[in-house]
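Take a look at the protein below.

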Amino acid sequence: MTQPAVHGQLPQDAPQDGPRVPLPGSDPDAAAGWPVHGAGVRAATWRKAAVIAAAGVPVGVLWWFLAPSGLNLLSGDPELRSGGNTEGWLPRDLVLAGLFLLAGCISGAVASGSKHDAPSGRAVLLAVGAGIVGALAAWGTGVLCGLWWGTPEDTSASASVAFSLRSFAVLAIWPAAAALAIFLNTVFTTPTPESGAGA
């Protein structure tokens, strides 16, 4: 039952007891008084990208700890502790490549969304861009660790004697692995059917 209009109040301004019907072209959630989740999704996407990019710093430190010319914890061969040993140059790059592959797979899994919500194009671009930033941060961090904590080396014969990266193509592994992980997750993840009409 509708209430009578108050003096000076238009009939359409009178309070209504029925549910609010959204106007055409308006957001149904906003019209119903429910919170709009678009801004929250965008904020979460940016947070994920920031975490992926910041992960480059610990990856770079780990590279210096594990690789030849660094602490060389992975092989334990004392002859590979010196950057003057050319046999350690390729394994040094391969250690970083393996770390980038692992970091890229984890980054792709983080950015892939869920079974109910596939990642948007913006989320994919942000994840790949964050992978590029993370790879550059890891490379720079590893080189700085070599300068700060490593033994001074004579680099007059070759710049690769110092703790560094010889093959710059390794930097593409992290973003490429992230993009591939997102793609495979999208292909092989089947959406769960909605339960009920009001789901």
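The protein chain exposes about 12500 Å², an area that comes from the Shrake-Rupley method with a 1.4 Å probe. Carbon and sulfur atoms supply 67% of that surface. The model is a predicted one: local features need pLDDT of at least 70, side-chain atom pairs count only at pLDDT 80 or more, and totals for chains, interfaces and linings use all residues. Residues are numbered from 1 along each chain as its sequence is written, and side-chain values use heavy atoms, with hydrogens and water left out.

Now the fold. The protein chain has six helices and zero strands. Both are DSSP runs, numbered from the N terminus: helices are H or I with at least four residues, strands are E with at least two. From the N terminus on, the order reads α-α-α-α-α-α. Of the contacts in the chain with a separation of 6 or more, 73% join residues 24 or more positions apart. Contact here means heavy atoms within 4.5 Å.

How much of the chain is buried? Of its 199 residues, 30% count as buried. Buried means under 20% relative accessible area, exposed means over 50%, and partly exposed lies in between (1.4 Å probe, protein chains only).

Next, the interior. In soluble globular proteins, nonpolar side chains tend to be buried together. A nonpolar core is a set of buried Ala, Val, Leu, Ile, Met, Phe, Trp, Tyr and Cys residues joined through side-chain atoms within 4.5 Å. The largest one here has 26 residues. V59, W63, L96, F100, L165, V170 and W174 touch the most other members. Two or more residues each come from α2 (38-54), α3 (56-66), α4 (89-111), α5 (121-149) and α6. The largest share, seven residues, comes from α4. Look at V170: leaving aside neighbours within four places in sequence, V170 is in contact with D93, L96, A97, F100 and L165.

Helix α6 covers residues 173-188. Its 16 residues reach 22 Å from first C-alpha to last, close to the expected 22 Å. That expected span is 1.5 Å times one less than the number of residues. Which residues of α6 are buried? They are W174, P175, A177, A178, A181 and I182. They cover an arc of only 165 degrees around the axis, so they sit on the same side of α6. The arc is that of the directions from the helix axis to the C-beta atoms. The face turned away from this buried side carries the exposed residues F183 and F188.
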